[in-house]
Amino acid sequence: MISTTAKADVKAQVRAWKRAGESIGLVPTMGYLHEGHRSLIERAAAECDHVVVSVFVNPTQFAPGEDLQSYPRDIEADSALCEDAGAALLFHPAPEEMYAPDFCTFVDMDAVSKGLCGASRPTHFRGVCTVVSKLMHIAQPDRAYFGQKDAQQLAVIRRMVRDLDMNVDVVGCPIVREQDGLAKSSRNTYLSAEEREAALVLSRAVAQGRQLVEAGETCAARVIEAMRATIEAQPLARIDYVEAVSWDAIEPVESLEGSVLVALAVYIGSTRLIDNFIIER
Ligand code: AMP
């Protein structure tokens, strides 16, 4: 596996692969990789000739006061996981490699990115879209892999690729969970033992919502209310949002018909965690 911090190295390797007619899969990440990331890399390795993984804690998607500085980092462990999962190239640039001092071009979106996480993190998706489009330009992937764990991000990237005619297939991958149900996340390392236990309230609320839907409930408000009550019963939990939205446009829905995303963000202590499920009917 090639490991580099230089985008020129990535571009040179990508040119060689393209010349040989070989396909490229891209897995963008912020590192501190776990089994969720691994599932994306393995899927990409199964479907593409070469897999590029990026590890970059992207400053433009963090607002002042968020966890940019404290975000966990371990490039050696990440490198070992990437190699083991079948990546051909690991790109882990420094912020200066991605953002020139006079950098001034951003990818912004008027819809899809405004609700849910975009409401509480208003500059977040502008940073995500900008860095993902830069990574797409650098790695020129045929396919790019994203987890449904960050469901709104997946919807935002799909819309960006469609609107900007980017020549890449966006592949959504299922949420990988811990044995007890907690969605795997690099941020789970912030949780104390007591908070780790309390964090199970997210996956419990998801399971409860899913059960209500499977039992035939079609009223979004009733499902949301039940999920909220479950979360509110946990003293360490503070709800940011629990919402049902259309899966493509991320706009609120009243009825759980068609493709609907039920998503939640909950603070456990000072750690903000997300989870979701998708209804297709
Ligand atoms: P991150 O490093 O958190 O920015 O995540 C990088 C990619 O991995 C994103 O596409 C995430 O949606 C995906 N991902 C993170 N956690 C999980 C998980 N538990 N299951 C599946 N995909 C995940």
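Arg162 counts as exposed, at 55% relative accessibility. Exposed here means over 50% relative accessible area, buried means under 20%, and partly exposed lies in between (1.4 Å probe, protein chains only). The areas come from the Shrake-Rupley method with a 1.4 Å probe, and for residues only the protein chains shown count as cover. Arg162 forms a salt bridge with Asp163. A salt bridge is a side-chain nitrogen of Lys or Arg within 4 Å of a carboxyl oxygen of Asp or Glu. The closest N and O atoms of Arg162 and Asp163 are 2.8 Å apart. Asp163 is partly exposed, with a relative accessible area of 42%.

The model is predicted, so local features need pLDDT of at least 70 and side-chain atom pairs count only at pLDDT 80 or more, while totals for chains, interfaces and linings use all residues. Residues are numbered from 1 along each chain as its sequence is written, and side-chain values use heavy atoms, with hydrogens and water left out.

The protein contains 10 helices and nine strands. Its radius of gyration is 19 Å, close to the 19 Å that the globule rule gives for 281 residues, so the protein is as compact as a globular protein of that length. The radius is taken over C-alpha atoms, and the rule is 2.2 Å times the number of residues to the power 0.38. Helices (H or I, at least four residues) and strands (E, at least two) are DSSP runs, numbered from the N terminus. Along the principal axes, the C-alpha trace spans about 55 × 40 × 40 Å. Of the 281 residues, 54% are buried.

The structure holds 14 salt bridges. One of them joins Asp240 to Arg272, with the closest N and O atoms 3.0 Å apart. Asp240 lies in strand 7 (residues 237–246) and Arg272 in strand 9 (residues 271–280), so this pair ties together parts that are 32 residues apart in sequence. Asp240 is partly exposed at 26% relative accessibility. Arg272 is buried, at 16% relative accessible area.

Another salt bridge pairs Glu35 with Arg38. Here the closest N and O atoms are 3.5 Å apart. Both residues lie in helix 2, three residues apart, about one turn of the helix. Glu35 is partly exposed, with a relative accessible area of 38%. Arg38 is buried, at 15%. A network of salt bridges links Glu35, Arg38, Glu42 and Asp84.

Glu22, Asp49, Asp142 and Asp169 form a negative surface patch. Patches are made of residues with over 30% relative accessible area and no salt bridge; like charges are joined within 9 Å, and nonpolar side chains (Val, Leu, Ile, Met, Phe, Trp, Tyr) within 5 Å. Asp and Glu count as negative and Lys and Arg as positive, with His and the chain ends not counted. Asp169 is found in strand 6 (residues 169–173). Its relative accessibility is 48%, which counts as partly exposed.

Tyr32 sits in the loop between strand 2 (24–29) and helix 2 (35–47). Tyr32 is partly exposed, with a relative accessible area of 30%. Gln140 is found in the loop between helix 6 (124–139) and strand 5 (143–147). At 39% relative accessibility, Gln140 also counts as partly exposed.

Technical notes: The place of a charge is taken as NZ of Lys, CZ of Arg, CG of Asp or CD of Glu.
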